[in-house]
Amino acid sequence: MAEPLVGMDVGDLREALGAGEPAFRARQIYEALYRQRASDLIQVSTLPAEMRRALAARHPIGLPEVANLYQSTDGTRRYLLRLEDGRTVETVLMPEGERDTICISTQVGCAVDCKFCMTALLGLERNLTAGEIVGQVLVVARENQLRQDGGRLNIVMMGQGEPLLNLANVVKATRILADPAGFGLSPRRITVSTAGIVPKIAELGAEPVRPKLAVSLNASTEETRRELMPITRKYPLKDLLAACKAYPLRPWEKLTFEYALLADVNDSDADARRVVKLLANLNCKVNLIALNPGPEIPFRTPTPERVESFQRIVRRAIPCFVRKPRGLDIYAACGQLKRSAA
Ligand code: SAH
């Protein structure tokens, strides 16, 4: 079958319809897919029946299927979604009071090989298409009747994969999600997280429509970061920080640095002081997370006292928050996405 409809922008849809059709038809289908979240062309009653049939015969809609759903005692839901080629990825919904956050994947597996992350054990299987990135949001929003307006919904690209190694598809998906005629979410409510693919940070910064940027720091020295995140050998910490410094923030925007605390590896007071020095000239905040442990992960979680001490030091200079793990009991928390049954 030809290319699926979900993931197409108005230009792609115009092409799919063929030259004979008026331009407004492509816009109608675009709005039906992303605004009204039609899961079947047959529902799109604004289109002539013949056009619906002809298009459906040529293009599948291309929404992923829910292969499995794991429900945490804290309200978090981990979806195992099956893609067109039978591969699966994970998408996590985290409801929290007045807001909902959907954590989506950008690749099947991951090539980056961070030593504390279980997704690394999968290796990289392939990039997700723009449609598969948007499709995760559409399916989880549909399954939970989530609304995109009113500022309740947030999207974080922090699931499986390294988003900046699939930048073109991440950007195309973001355009659809942030388009008022498309999914209609404010770009302030979309965040992409990177392990630090330095040249791609500048490329992302040049995009007119882009999510907010979070950078996984995870160490206070070049040496420790090399051990925890081998990608540091290719993109040293100093180059990463220079790219962050050069990144064109929008007036309302700050960079986020994420820091997973590993007992006796990167969690000392001296580490905290070095983090403050590293980030001194950046308009940023820091999110700390105590390691989510896993059977194959050779690191330990620091005590709450250690986490608090680290936070206290960083907070003197930079806004610094501790993130609570979500969905630990169902392998849905940061670094745990590797299709475990639970
Ligand atoms: N590849 C991107 C997107 C994944 S985001 C990135 O590296 O940023 C996943 C976040 O979870 C990253 O900040 C990562 O450092 C963090 N993480 C990975 N494994 C973890 C674990 N076991 N415990 C806590 N955080 C973890």
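Biologist: In which loop is Arg-37 found?

Modeller: Arg-37 is found in the loop between α2 (23-34) and α3 (49-58). Keep in mind that this is a predicted model.

Biologist: What is the phi of Arg-37?

Modeller: Arg-37 is not a glycine, yet its phi is positive, at about 50 degrees.

Biologist: Is Arg-37 buried or exposed?

Modeller: The cut-off for buried is under 20% relative accessible area. Arg-37 has 17%, so it counts as buried.

Biologist: Which loop holds Gln-145, and what is its phi?

Modeller: Gln-145 lies in the loop between α4 (130-143) and β7 (153-157). Its phi is near 45 degrees, again a positive value in a residue other than glycine.

Biologist: Does Gln-145 count as buried or exposed?

Modeller: Exposed requires over 50% relative accessible area. Gln-145 has a relative accessibility of 67%, and therefore counts as exposed.

Biologist: Turning to the ligand, how many residues surround it, and which are the closest?

Modeller: The ligand is surrounded by 19 residues, and the closest are Phe-116, Ser-193, Ser-216, Asn-218 and Asn-292. By class, nine residues of this shell are nonpolar, eight are polar and two are charged.

Biologist: Which residues place polar atoms by the ligand, and at what distances?

Modeller: A polar contact is a pair of N or O atoms within 3.5 Å. Ser-193 has a polar side-chain atom 2.6 Å from an oxygen atom of the ligand. For Asn-292 the atom is a polar backbone one, 2.8 Å from a ligand nitrogen atom. Glu-162 brings a polar side-chain atom to 3.1 Å from a nitrogen atom of the ligand.

Biologist: How much of the accessible area of the ligand does the protein cover?

Modeller: On its own the ligand has 550 Å² of accessible area, and the protein covers 93% of that. Two elements, β8 (190-194) and β10 (255-261), each give two or more residues to the shell.

Biologist: How many helices and strands are there in the chain?

Modeller: The chain has eleven helices and twelve strands. Among contacts between residues at least 6 apart in sequence, 68% join residues at least 24 apart.

Biologist: What does the radius of gyration say about the chain?

Modeller: The value is compared with that of a compact globule, which for 342 residues would be near 20 Å; the chain has 21 Å, which agrees. The C-alpha trace spans about 70 × 40 × 35 Å along its principal axes.

Biologist: What share of the residues counts as buried, and what area does the chain expose?

Modeller: Of the 342 residues, 53% count as buried. The chain exposes about 14,800 Å², with 51% of it supplied by carbon and sulfur atoms.

Terms used. Residues are numbered from 1 along each chain as its sequence is written. This is a predicted model: local features need pLDDT of at least 70, side-chain atom pairs count only at pLDDT 80 or more; totals for chains, interfaces and linings use all residues. Side-chain values use heavy atoms; hydrogens and water are left out. A residue is near a molecule or strand if one of its heavy atoms lies within 4 Å of it. A polar contact is a pair of N or O atoms within 3.5 Å; within protein, one must be able to donate a hydrogen and the other to accept it, and residues adjacent in sequence count only if both atoms are side-chain atoms. Accessible areas come from the Shrake-Rupley method with a 1.4 Å probe; for residues, only the protein chains shown count as cover. Helices (H or I, at least four residues) and strands (E, at least two) are DSSP runs, numbered from the N terminus. Ala, Val, Leu, Ile, Met, Phe, Trp, Tyr, Cys and Pro count as nonpolar, Asp, Glu, Lys and Arg as charged, and the others, Gly among them, as polar. The radius of gyration is taken over C-alpha atoms; the globule rule is 2.2 Å times the number of residues to the power 0.38. Buried means under 20% relative accessible area, exposed over 50%, partly exposed in between (1.4 Å probe, protein chains only). Contact means heavy atoms within 4.5 Å.
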